[in-house]
Structures are given as structure tokens and as C-alpha cells.
Protein chains: 2
Amino acid sequence: MTKVYNFSAGPAVLPEAVLQEAAAEMLDYQGCGMSVMEMSHRSSAFKGIIDQAEKDLRDLVGIPENYRVLFLQGGGSTQFAMVPMNLMRGIAVGGADGSVGHADYIVTGTWSKKALAEAQRFGDARCIATSVDTNFDRVPDMANIQVNADADYVYICMNETVNGNVLRELPDTQGKPLVADMSSCFLSEPIDVERYGLIFAGAQKNVGPAGVTIVIVREDLIPEGDLPGVPTMMQYRTHADAGSLYNTPPCYAIYICGKVFKWLKSQGGLAGMQKTNQDKAALLYDYLDKSNLFRGFVRPQDRSLMNVTFTAGDELDAAFVAEAKARGFENLKGHRSVGGLRASIYNAMPVEGVQALVEFMREFEAHHSCSSQSI
Amino acid sequence: MTKVYNFSAGPAVLPEAVLQEAAAEMLDYQGCGMSVMEMSHRSSAFKGIIDQAEKDLRDLVGIPENYRVLFLQGGGSTQFAMVPMNLMRGIAVGGADGSVGHADYIVTGTWSKKALAEAQRFGDARCIATSVDTNFDRVPDMANIQVNADADYVYICMNETVNGNVLRELPDTQGKPLVADMSSCFLSEPIDVERYGLIFAGAQKNVGPAGVTIVIVREDLIPEGDLPGVPTMMQYRTHADAGSLYNTPPCYAIYICGKVFKWLKSQGGLAGMQKTNQDKAALLYDYLDKSNLFRGFVRPQDRSLMNVTFTAGDELDAAFVAEAKARGFENLKGHRSVGGLRASIYNAMPVEGVQALVEFMREFEAHHSCSSQSI
């Protein structure tokens with residue numbers, strides 16, 4: 001087997017132990033004579049898998065009883081529509097009375113910008129703070145956030161995967177529900193769920209394979225009754241009432257997530273992961289701060305622990321990606337929308353991978369110091 | 001490994017060769033040093049997987065160039081909304097002009113009934129023929145179908161998974177696009193794609209694991225431009241323009257589907273599968289027709305080759321399921337909505353499995369002949 005370190009932003013590296021277990025169980029899950037892929041989603045075997053996954057997730061994160069856990073499909077992009085369609089009260093779509101809902105968005109990068117645009121299709125969604133003017137190299141000062149009195153919710157993207165920033169403080173929402181896209185930082189450190197009304201995360205970063213999205217939503221925010229004009233599958237109520245089994249869920253993806261939850265528990269839970277993630281990120285950021293060639297995109301206090309965005313300069317970035325790949329460091333190219341370089345160092349990236357990357361960056365800098373000085 | 005025959009209606013049995021390959025490649029796909037679950041969906045390795053899957057599917061089915069193939073999420077239940085939201089022209093939802101679209105549905109069982117109800121949320125969807133009066137023990141005579149002049153499309157569920165009937169003839173749609181839910185018969189026999197405007201199939205029956213839905217849609221039916229009020233993720237245009245990579249697709253599920261397509265080619269393609277499927281179904285139906293205990297639910301000419309619904313009588317069905325399970329025949333209970341028994345004998349169910357089931361049914365009948373005669 002070729003040894004590579006995979007710095008992909010998602011789908012991303014998974015714990016090797018999880019993959020080994022999945023391979024071993026592929027044809028026969030715990031002696032039941034079939035693969036998890038072949039099981040009826042109504043079988044007791046699968047019920048055991050999804051129930052245990054939810055229980056382990058609740059334990060790990062500390063999810064209070066008045067929050068529901070949903071395993072859905074469609075990724076964050078589907079949540080961009082489901083959030084306004086479900087949480088904007090007096091929703092415009094299909095609403096008989098023509099009233100319009102309102103929501104306040106804090107735009108800190110590519111994904112919150114997309115979420116805002118999608119929400120604007122369904123009501124009055126407004127950007128109340130953004131760092132777009134500095135190209136998302138920071139997050140706005142949360143102390144200055146002014147939430148509108150008519151807002152049905154306030155929306156943030158906790159960790160911007162493309163831009164590499166993170167919100168370390170939460171806005172004062174004046175009692176409005178806070179909705180957080182945590183796709184790229186979910187399970188990377190402890191969170192206080194009660195500070196949020198709804199949390200969602202596409203699994204394909206820190207949690208499992210692509211194809212399942214985890215939604216944690218406070219019960220009282222799930223609309224009662226049918227929402228006119230909203231597809232049944234886009235209503236949180238549909239999935240909450242059916243325990244994520246309204247229709248066939250992405251069973252195999254949920255099964256892998258369950259294994260990741262177990263693995264996280266074995267690693268000291270979220271507090272353990274936070275320590276490891278801080279150490280890994282520090283290795284990379286410390287080097288970036290000292291380097292004469294590389295520089296990080298995001299100001300220090302707003303840097304993501306998960307997605308480290310940087311550059312070696314326009315002339316060297318492509319060479320860096322190519323040389324890195326030849327040395328077994330995969331997927332270091334920045335997102336196509338912003339360019340540059342990016343190392344995603346999720347939970348499952350071992351510290352050795354980051355150490356090896358920093359070592360390689362040192363070598364690269366040494367080799368290219370002349371060209372760097374001439375820029 | 002426990003040897004079982006899995007008659008689940010979905011998720012369902014997969015070819016053992018496919019599972020073996022997947023297990024072997026779990027940690028290292030073709031020497032690239034990572035699992036398919038860990039690959040960026042923008043990587044050349046995954047691009048190779050999805051492109052090859054589409055190519056093999058096109059070869060297998062004979063999909064003309066003016067049809068697009070989409071790999072989506074959300075199952076048939078999501079298609080129940082996407083079809084009207086995209087194909088009802090002058091759609092009501094979010095439509096500025098307040099006009100309403102129209103569609104004609106043929107209701108032959110549980111799933112077409114659900115599809116109709118969902119479509120009625122978005123416009124004027126009408127049932128133009130149904131066999132509900134005889135509890136879906138047949139399909140309506142296609143010669144008598146009257147399509148409305150204002151219908152934007154005509155909808156059928158080709159094979160009703162719960163009820164066990166199949167449409168062997170297609171209605172004359174008077175030139176209107178025919179939309180077919182083929183979830184439980186897709187790839188079980190050859191089809192003439194040009195007779196349809198849109199075909200969809202949740203993968204978890206004949207194609208692969210749950211979590212991916214295949215849509216085959218004629219290009220001219222995909223709306224140009226944005227559909228107001230329709231979530232971006234619910235617009236076929238979004239996915240068609242992005243080659244199913246608008247956002248992260250269910251990569252691993254697509255990879256498994258690709259392996260199933262290769263396996264189908266090795267089995268003589270769809271003509272080969274049809275022959276095998278006819279032989280397998282004949283084994284079971286011939287026995288049912290001769291049995292004094294069991295009887296099939298559906299009249300002979302409308303019987304599904306995939307989902308064989310039958311009963312041993314209310315008093316014996318539960319005993320049959322339990323005894324069968326003890327002998328390694330799994331998931332023979334009928335759908336909770338209709339009761340009775342059901343054997344789903346998809347492509348990957350070996351003929352030996354059906355032979356063994358019939359043998360067991362004979363034994364069961366012999367043991368229970370007294371109680372059967374007393375009913």
C-alpha cells in the first residue's frame with residue numbers, strides 16, 4: 001500500500017481503524033450473514049446500528065434531551081434551503097397569507113455566502129456582518145453584531161472550509177435561535193449545544209463518508225404540522241417524527257459514522273480531540289509564522305484548526321502542490337474559488353502527517369529561497 | 001460466515017463479487033493510498049469512478065445522448081417532489097404569475113399513491129387510472145388510459161415494490177412525457193429509454209447501497225434557468241450542469257453502483273438478467289399457482305418479476321416468517337402497510353436462493369397442510 005497523507009477538505013481522511021473494521025465486516029456484519037449495505041433499514045440489525053450511532057453521538061457532544069438528532073441526505077447545500085424553509089416563520093413559499101420570514105446572516109466566507117443566497121430565495125435574509133472586504137481573512141467582531149428584532153434566526157458558518165477562518169466567539173442573538181453550519185469543525189472540539197437552535201454538518205469532513213448530513217435541532221424549532229409548498233422530504237418534522245427512517249436513509253454512511261463516534265470516544269472524546277487538533281494546528285501555524293516563503297491567509301486569532309489556508313506566492317503554489325503530491329502529500333491545492341494552498345487537518349489526520357508536511361515545507365522553502373527573495 | 005438468503009425489498013442483496021472487491025479496496029483504491037470514502041470528489045481518481053459508472057450505465061441500458069444521467073440523493077421520496085417542481089410548467093410554487101401546472105398519475109400501489117399526494121402539493125396532479133378498488137392486485141388496462149390535454153407529464157410506477165405488480169405495457173401519453181419510477185425494476189430487464197421523458201430509481205434495490213438515486217432525463221425537459229421557490233438542490237438543472245458534482249455527491253454509493261454495472265455486464269447485460277429473472281420468478285410463481293396453502297396477491301399477467309407478494313393466510317404468515325428466518329431465509333415479511341409475505345428476488349439473488357425458498361415452502365406446506373385445510 002502506498003503511504004500518503006491526505007489533506008483533502010472533504011471527503012477527507014478517515015481513521016484507519018474504522019476502515020479496517022468496515023473491510024472486515026463487509027460481507028458479514030457481526031455474523032448476520034449479510035453486509036450492512038444489504039440490510040433492510042427496518043431490520044433490528046440496522047435499528048441497532050442507527051440507535052447506537054445516535055447514542056454515541058449524544059454522549060460525545062453532550063446533546064440535551066430536548067434536541068433531536070437527524071441523519072439526512074443532501075449535504076450542507078440542502079440545509080441551506082431547509083433552514084429557511086423550516087425556521088422562517090410566516091414563510092413566503094406557499095404561504096397563503098403572503099407574509100415573509102426574516103433571518104440574519106453573518107457572512108464569513110464561501111459557505112455562509114452561499115447559505116445567504118439560498119435563504120434569500122425563501123424570504124428576507126439579510127447579511128448583518130461580513131468580512132468580505134478583507135477577503136475573509138478574519139471574522140467580524142462579534143461584540144458589534146446587531147441582530148434585527150424581526151429575525152427568525154441568526155445564521156453562522158462556524159468554520160469556513162474554503163477560507164480557513166473560525167468563529168471563536170458566538171454573537172449575542174438577543175434570544176433568537178442561532179443556526180450553525182459546523183460541517184468542517186463538527187466533533188473537532190467540545191461545544192455547548194444549548195447555545196444553538198440548530199447545528200448541521202455534512203459528514204464528509206470529520207464524521208464519515210459523503211452522503212449523510214447530521215442535524216441537531218431543538219425540538220421547539222421543528223414546525224408542527226405540514227408546511228405548504230415545502231417538499232415532505234425538506235421538512236424537519238418528517239424526519240424527526242420517523243426517527244430518520246421516513247424513507248430509506250443512507251444506511252452504510254450512518255454505519256461508518258457510528259464507527260467514527262466509537263473511535264472518537266477511544267481518543268478521549270471531544271476534549272481529547274481538541275487538544276490533539278490544537279497541537280497539530282500549532283505545528284503548521286508556528287511554521288507559517290516563521291517562514292519567509294509561506295504565509296497564512298487568516299489573521300492569527302481567527303484561524304481555523306481544521307483548514308489551514310496559506311500560499312507560497314502565485315508563482316510557487318502550483319509547484320508546491322506538484323512536489324508535495326510526488327512526496328505523498330495529497331490535496332494541498334486551495335479551493336478553486338480562492339486559489340492558494342490549503343491543508344485540511346481533520347480529526348483523523350495523524351500528528352505525524354502534519355509533522356511530515358511541515359518538514360517537507362521546510363525543504364521546499366530551502367530549495368526555493370532564491371526565487372522567494374526575488375519576488 | 002452464516003449463509004443466508006436475503007429477500008429484503010431494499011436495501012437488498014448485492015452481488016457477492018462486488019462486496020468482495022469493495023472489501024479488498026477499502027483501505028487503498030487501486031494503489032492510490034486512500035479509501036474511496038476519503039477521496040476528494042474533485043480528484044481525478046473519483047472523476048474516473050463516476051465517469052466510468054455513467055459510461056457503463058449508458059452502455060447497459062442504451063441511454064441516448066440526448067438524455068442526462070444524474071446521481072442524486074434523497075431517494076424516490078425526493079423525486080416525488082422534484083418531478084412536479086421541475087416538470088410542471090407554470091409551476092405554482094413561487095411562480096410569479098400564479099399559474100398552476102397539471103399532471104396525470106396512474107396509481108397502481110403504495111408508491112405511485114405517495115407520488116401523487118406529493119405532486120398535489122405543487123400543482124394540479126390527478127389520478128387518471130387506478131387499481132385501488134381491487135387492492136392493487138392488478139394494473140389498470142393501459143388501452144383505456146385517457147391522458148388530459150393539459151397534462152405536463154404522465155406518471156407511472158413501473159413496478160410497485162410493496163404490492164408486487166408491474167406495468168408490462170406503457171400508456172399512450174399522447175405525446176406527453178412519461179415519467180417512470182423504476183426503483184424496484186431498474187436494470188432487471190432491457191428498456192427503451194426513448195419511450196420515457198424521465199426515469200428515476202433509488203439504488204437500494206437492484207443497483208447499489210441506499211443513498212444514491214439515479215435519474216435519467218431527456219435534456220429538453222430540464223428547465224432552463226432558475227425556478228423561483230424551488231431549492232437549488234431540487235432543480236435538475238443544478239445537477240445536470242455540474243455533472244452531478246454541484247456539491248459533494250454520495251461518492252462511495254456511486255462507486256458501488258459502478259461495480260454493480262460491471263457485474264451486470266459480466267452477466268450478459270440486461271437481456272441476460274431478464275432471462276435469469278424470468279426463470280427465478282417462474283420457479284416461485286409456478287409453485288404458488290400449484291400450492292394449496294400459499295396464494296399470490298397479484299393476477300398472473302401483472303405479476304412483478306422482482307417482488308413476489310403472497311400469503312399463507314393470516315394465521316400462518318407470522319409462523320412462516322419465523323420458521324423461514326430460522327432456516328436462513330431473511331426478510332420475507334410483507335410491507336407493514338399491506339401485511340402478508342413478500343420475496344424480493346432482485347438481480348443479485350442467485351437462482352439457488354429461490355430454489356431453496358421454494359423447497360422450504362413445500363416443506364412448510366406439508367407440515368401445515370392440516371391447519372390449512374381447516375381454515
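**Entry 1: A:R42**

I began at A:R42, which is partly exposed because its relative accessibility is 38%. My cut-offs are under 20% relative accessible area for buried, over 50% for exposed and partly exposed in between, with a 1.4 Å probe and protein chains only. The model is a predicted one: local features need pLDDT of at least 70, side-chain atom pairs count only at pLDDT 80 or more, and totals for chains, interfaces and linings use all residues. Residues are numbered from 1 along each chain as its sequence is written, chains are lettered from A and ligands numbered from 1 in the order in which they are written, and side-chain values use heavy atoms, with hydrogens and water left out.

I looked up the record for A:R42. An unreviewed UniProt entry puts the annotation "binding site" on A:R42. Such positions are given in the numbering used here, feature names are shortened, and annotations may be inferred rather than shown by experiment. I placed A:R42 in the loop between α1 and α2 (44–61) of chain A. Helices (H or I, at least four residues) and strands (E, at least two) are DSSP runs, numbered from the N terminus. Not counting residues up to four places away in sequence, A:R42 touches A:L245, A:Y246 and B:R336. Contact here means heavy atoms within 4.5 Å.

**Entry 2: the interface of chains A and B**

I then searched for charge pairs across the interface and got two salt bridges. The rule asks for a side-chain nitrogen of Lys or Arg within 4 Å of a carboxyl oxygen of Asp or Glu. One of the two pairs A:R121 with B:D226, with 2.8 Å between the closest N and O atoms. The count of residue pairs in polar contact between chain A and chain B is 18, both residues being at pLDDT 80 or more. A polar contact is a pair of N or O atoms within 3.5 Å; within protein, one must be able to donate a hydrogen and the other to accept it, and residues adjacent in sequence count only if both atoms are side-chain atoms.

**Entry 3: salt bridges within the chains**

I searched the whole structure next and found 46 salt bridges over all chains. A:E21 pairs with A:K259, the closest N and O atoms being 2.8 Å apart. The pair links distant parts of the chain, helix α1 and helix α6 of chain A, 238 residues apart.

A:D56 forms a salt bridge with A:K262, at 2.9 Å between the closest N and O atoms. A:D56 lies in helix α2 and A:K262 in helix α6, so the pair ties together parts of chain A that are 206 residues apart in sequence. A:D56 is buried at 2%, and A:K262 is partly exposed at 43%.

B:D59 is partly exposed at 42%, and B:K265 is partly exposed at 35%. Back in chain A, salt bridges that share partners join A:K55, A:D56, A:D59, A:K262 and A:K265 into one network.

**Entry 4: two buried positions**

I checked A:D104 in strand β3 of chain A. A:D104 is buried because its relative accessibility is 0%. A polar atom of the A:D104 side chain lies 2.7 Å from the backbone nitrogen of A:N148.

B:T311 is buried at 3%. Its side chain makes a polar contact of 2.8 Å with the side chain of B:D317.
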